[in-house]
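User: I would like to learn how to read side-chain contacts in a structure, going feature by feature. Could you take me through them?

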Amino acid sequence: MAKPRGNFIRPLPERVINKIAAGEVIERPAAVVKELVENSIDAGATKIDIVIEKSGSKLIKVIDNGCGIAEDQVEIAFSRHATSKIASFDDLNALYSYGFRGEALPSIASISRLRMVTRTRDSRIGTEIIYEGGVLQSRQPVAASPGTTIEVENLFYNTPARRKFLKAESTEARHISRTAMALAIGRPDVGVSYSLNDRRIFTVPPDSVLKDRVTEMIGAGKTLVRIKGDAGPVKVTGYIGTPDMVQNNRYGQFLFINSRYIYSPSLAHALAAGYGDLIPRGTYPVGALLLTVDAAEVDVNVHPTKAEVRLSGERDVHDAVYRIVKESLQQDGIVPSLKSSSLKPSAHNLGGSTLRGRASPSGQGYIPGITRGSGLDMDALADIHNVPRVPQPSESKDIIRVDRNTGEIMETAEAQDGAASVSSGFSLIGRFSDLYLLLRSGDDLYIVDQHTAHERVLYEETLVKLENSAVEAQTLLFPNQVELNPEQMTLFDEIKDMLNGSGFGVSHFGGRTVNIEAIPSVLSHKSSEKVFLKVLDDLASEKRAGGDLKKAMAQSIACRSAVMAGDSMTDREAVHLVTRLLRCDNKYSCPHGRPTFVKITREDLDKQFGRT
Ligand SMILES: Nc1ncnc2c1ncn2[C@@H]1O[C@H](COP(=O)(O)OP(=O)(O)OP(=O)(O)O)[C@@H](O)[C@H]1O
Ligand SMILES: [Mg+2]
């Protein structure tokens, strides 16, 4: 800590003030990129190039074709609190620019060597200005095209403490890449190119539509789910990933308010909650959500880097976003697909490799003994191994037609000879390991986990029955008595009515003994005593976690009654199960969040086999 120097109070020199401000505004190299690109967008640029060397520690260069700065204004732009964007505090209520504080340029200039070349359209000549550690080095007229170029070198050279706290180069590169992506997603009207350490990561043209932007940045060649809705004064648009695109961090998640990229735990929560149990716990959906609100409803002046904003009615906005996301995901076609990390470039590759580069299939190796192009007859192979041959679409005996857009069952006909077919879209190929059902739909292969699928089906069906007090009960031939511990007894007293409305017939028998006269029919093949105690335990843990007891009841019944791995199902049962699964609201995962099926596309397989 610096020694106090008596009580002579005096203002700090401007350079020191700027350096202190830089500590707040410029946390890491990515913040420089953000500030410079935002300035370029505010200047009306339609084309912005971002060039980064050594993850920003060597060079951060931003070139724009914006309005430029007039010669007599250039130095003013580098003085603290000088801005062209607001004139009074009230202007913040109608803010349509990213900048408003007049702090970014002086801050950056005070902790680097900065060179700016700028020219307005009206002027025939440009200005070059150079600062080092905030000290003006030179200012001179230069030939330049309209717009502004800023080069920031040796960032943090005079703030050793900050430099020390920078993370590994690859981490800083990831932050920069994410910032560049966010800026590009937030403003599809602006063309952006971004290169990192001599490698072009992306180039996106001006006047793009949001869909193309988001797909380019995070779509990894996949179809994204469109989000569109109104929540009172808030408009929500965006594109989000299918459940199988989840990541184990929030790197691929971009949230915006009025085109400003923000950090918002509340919105991030709403987005994840919208997926509900479509995604496993601890994973994060990818996508971009853009909220538009009246400028007066957002306070952007609450955080030094403007990364957080305050929104009036935040709770309502949260709930609305949750609802809109959830509804958008109800559409069909959102199915998990088999992850093949070597095939898919994803947002996390940024920083180390390119965004768009696709891994080549080489190195995966072909299966020994089978050479490509050998004219292998798959049908003959199937005969040898006694595998049912894949029925061709024309041979499929449809029993049910499913509209693949809505998931609606369109038409039902009699099932024939074991019903090896589910719908015009899906047909059963076979079963594997008494656990997985294999189906095809067009060129796609679906592998269904019979346990999780059955759990999902029973869960949703039981929930509906619970709502309508219509769970079928099976009366026991011989009532059973069971002794409860004190905790179970307390819970039993609390939820007795609920149990009796859920297919159980239970009553107090005296002391801590409960009399069981009936259990839900779906569980009738199990020991009534065990089933009752299991359900009670499940509900006890849910109650401790403060969860929804009705859902827990449905989950518990579903889990206990679903077919297990190893239980063999007949063809007819398998077909029936998949038909019911297709009718579920959330057909993609079981109530615990495990997938009910994965999809392998023909394209995935072709890549695996090097047929690209
Ligand atoms: N790329 C640019 N093209 C044209 N003018 C620019 C550019 N960058 C900065 N300016 C001018 O310099 C001024 C100062 O920029 P600076 O980033 O320091 O502050 P700001 O953008 O107004 O506010 P904030 O600190 O919130 O970013 C801006 O108000 C703008 O007039
Ligand atoms: Mg600015």
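Salt bridges, cysteines, a helix and rings

Analyst: Searching the whole structure gives 22 salt bridges, where a salt bridge is a side-chain nitrogen of Lys or Arg within 4 Å of a carboxyl oxygen of Asp or Glu. This is a predicted model, in which local features need pLDDT of at least 70 and side-chain atom pairs count only at pLDDT 80 or more, while totals for chains, interfaces and linings use all residues. Residues are numbered from 1 along each chain as its sequence is written, chains are lettered from A and ligands numbered from 1 in the order in which they are written, and side-chain values use heavy atoms, with hydrogens and water left out.

User: With which residue does lysine 47 form a salt bridge, and is aspartate 49 buried or exposed?

Analyst: Lysine 47 bridges to aspartate 49, with 3.1 Å between the closest N and O atoms. For accessibility, buried means under 20% relative accessible area, exposed over 50%, and partly exposed in between, using a 1.4 Å probe and protein chains only. Aspartate 49, at 18%, is therefore buried, whereas lysine 47, at 47%, is partly exposed.

User: Which parts of the chain does the pair of glutamate 103 and arginine 80 link?

Analyst: The side chains of glutamate 103 and arginine 80 meet in a salt bridge of 3.3 Å, N to O. This pair links distant parts of the chain, 23 residues apart, with both glutamate 103 and arginine 80 in the loop between α3 (74-77) and α4 (104-110); helices here are DSSP runs of H or I with at least four residues, numbered from the N terminus. Glutamate 103 counts as buried because its relative accessibility is 14%, while arginine 80, at 22%, counts as partly exposed.

User: How many disulfides does a search of the whole structure find?

Analyst: In general, a disulfide is a covalent bond between the sulfur atoms of two cysteines. Here the search, which asks for a pair of cysteine sulfur atoms within 2.5 Å, finds 0 disulfides. Cysteine 590 is in no disulfide, the nearest cysteine sulfur being that of cysteine 559 at 8.2 Å, and cysteine 590 is buried, with a relative accessible area of 0%.

User: What span should helix α6 have?

Analyst: The expected span of a helix is 1.5 Å times one less than its number of residues. Helix α6 (residues 169-186) has 18 residues and should therefore span 26 Å, which agrees with the 26 Å between its end C-alpha atoms. Because 13 of its 18 residues are buried, α6 is largely enclosed by the rest of the structure.

User: How many aromatic pairs are there, and over which ring faces does arginine 178 lie?

Analyst: Rings of Phe, Tyr and Trp (its six-membered ring) pair if their centres lie within 6.5 Å, with planes under 30 degrees apart counted as stacked, over 60 as edge-to-face and the rest as tilted. The count comes to 8 aromatic pairs. One of them joins phenylalanine 256 and tyrosine 261, tilted at 50 degrees between the planes and 5.7 Å centre to centre; phenylalanine 256 is buried at 0%, and tyrosine 261 is partly exposed at 24%. Ring pairs link Phe254, Phe256 and Tyr261 into a cluster.

A charge sits over a ring if NZ of Lys or CZ of Arg is within 6 Å of the ring centre and within 35 degrees of the ring normal. Arginine 178 lies over the face of tyrosine 251, at 5.6 Å from the ring centre, and also over that of phenylalanine 254, at 5.0 Å.

Definitions and conventions. Helices (H or I, at least four residues) and strands (E, at least two) are DSSP runs, numbered from the N terminus.
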